[in-house]
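Good morning, and thank you for joining this group meeting.

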Amino acid sequence: MRPTSYAAAILAGAAVLATSPAFAGSTVAGSPIHMGLVIQDQCTISVPAGIDFGTHGIILANVDTSANMTIECTKETPYSIALDAGDNSADAVNTTRSLKSGTNFLDYELYSGSAGGTVWGSTVGTDTVDKASADGADEVITIYARVPSHQNPPVGTYGDDVTATIWYAAEAAP
């Protein structure tokens with residue numbers, strides 16, 4: 001008999017819950033809660049650690065190489081990427097960019113599109129890499145580099161530092 005009385009007590013308790021005013025089907029309308037977020041123009045740029053032209057003696061032929069940089073901008077944001085003339089340009093003679101070892105210089109150049117193509121500079125809309133609308137994902141852009149032929153500099157380790165700058169949104173407009 002005990003199992004039957006427990007079952008009856010459980011059924012009676014369920015009936016009380018079903019008819020209790022605390023569980024009655026009333027609804028109170030609340031006010032809406034607004035959710036918001038502002039997305040602004042933004043770009044990030046990741047530039048390679050360096051461009052290596054390798055090891056050479058007399059430069060008898062053009063030495064071409066390349067490296068990739070990655071940028072990401074807010075979707076549909078226009079941008080322009082500039083590469084400055086490098087740290088040695090003010091010291092060098094007859095060149096935009098120079099690798100330097102001590103007091104010696106070795107000409108080189110950076111290009112967009114292909115080595116020997118359009119020189120990559122820092123005047124927005126003229127010699128920068130420009131895009132009217134970013135994809136909203138990582139975009140890989142190649143930097144092409146060339147040491148031109150017929151150079152015979154003294155032995156040394158030559159280098160230069162070039163700064164990459166990205167302008168975006170209204171500042172990217174030529």
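I shall begin with a pairing between two strands. Ser 80 stands opposite Trp 167, a residue of strand S9. This contributes to our first topic, the pairing of strand S3, residues 79-83, with S9: the two run in the antiparallel sense and are joined over 5 bridges.

Before going further, please note that this is a predicted model. Its mean pLDDT is 85, and 83% of the residues reach 70 or more. Over residues 1-19, however, the pLDDT is below 50, and beyond near neighbours in sequence this stretch has 1 contact in the model.

Let us return to the strands. S3 and S9 belong to an open sheet of 3 strands, with the order S7-S3-S9 and antiparallel pairing. Which strands stand at the edges? They are S7, residues 129-131, and S9, residues 164-168; each has a single partner strand, so one side of each is left without a neighbour in the sheet. On average, and with direction ignored, neighbouring strands here are turned by 15 degrees against each other.

My next topic is the disulfide. A disulfide is a covalent bond between the sulfur atoms of two cysteines. The model has 1 disulfide, and it joins Cys 43 to Cys 73, with an S to S distance of 2.0 Å. The pair links distant parts of the chain: Cys 43 lies in strand S1, residues 43-46, and Cys 73 in strand S2, residues 63-73, the two being 30 residues apart. The torsion about the S-S bond of Cys 43 and Cys 73 is about 115 degrees, so the disulfide is right-handed. Are these cysteines buried or exposed? Residues under 20% relative accessible area count as buried. Cys 43, at 12%, is therefore buried, and so is Cys 73, at 3%.

In soluble globular proteins, nonpolar side chains tend to be buried together. The largest nonpolar core here has 23 residues, and those touching the most other members are Met 69, Ile 71, Tyr 79, Ile 81, Trp 120, Ile 141 and Val 147. At least two residues of this core come from each of S2, S3, strand S5 (104-112) and strand S8 (139-147).

Finally, consider the loop between S2 and S3, where Thr 77 lies. Thr 77 has a relative accessible area of 1% and is buried. Leaving aside neighbours within four places in sequence, Thr 77 is in contact with Asp 41, Ala 132, Ser 133, Ala 134, Tyr 168 and Ala 169.

Thank you for your attention.

Definitions and conventions: Residues numbered from 1 in each chain as written. Predicted model: local features only at pLDDT ≥ 70, side-chain atom pairs only at ≥ 80, totals over all residues. Heavy atoms only, no water. Pairing = 2+ DSSP bridges. Helix = DSSP H or I, 4+ residues; strand = E, 2+ residues; numbered from the N terminus. Axes fitted to C-alpha atoms, helices over the stretch in contact; angles between N-to-C directions. Disulfide = S-S within 2.5 Å. Buried < 20%, exposed > 50% of the residue type's maximum accessible area, 1.4 Å probe, protein only. pLDDT = per-residue confidence, 0-100. Contact = heavy atoms within 4.5 Å. Core = buried A, V, L, I, M, F, W, Y, C linked by side-chain atoms within 4.5 Å.
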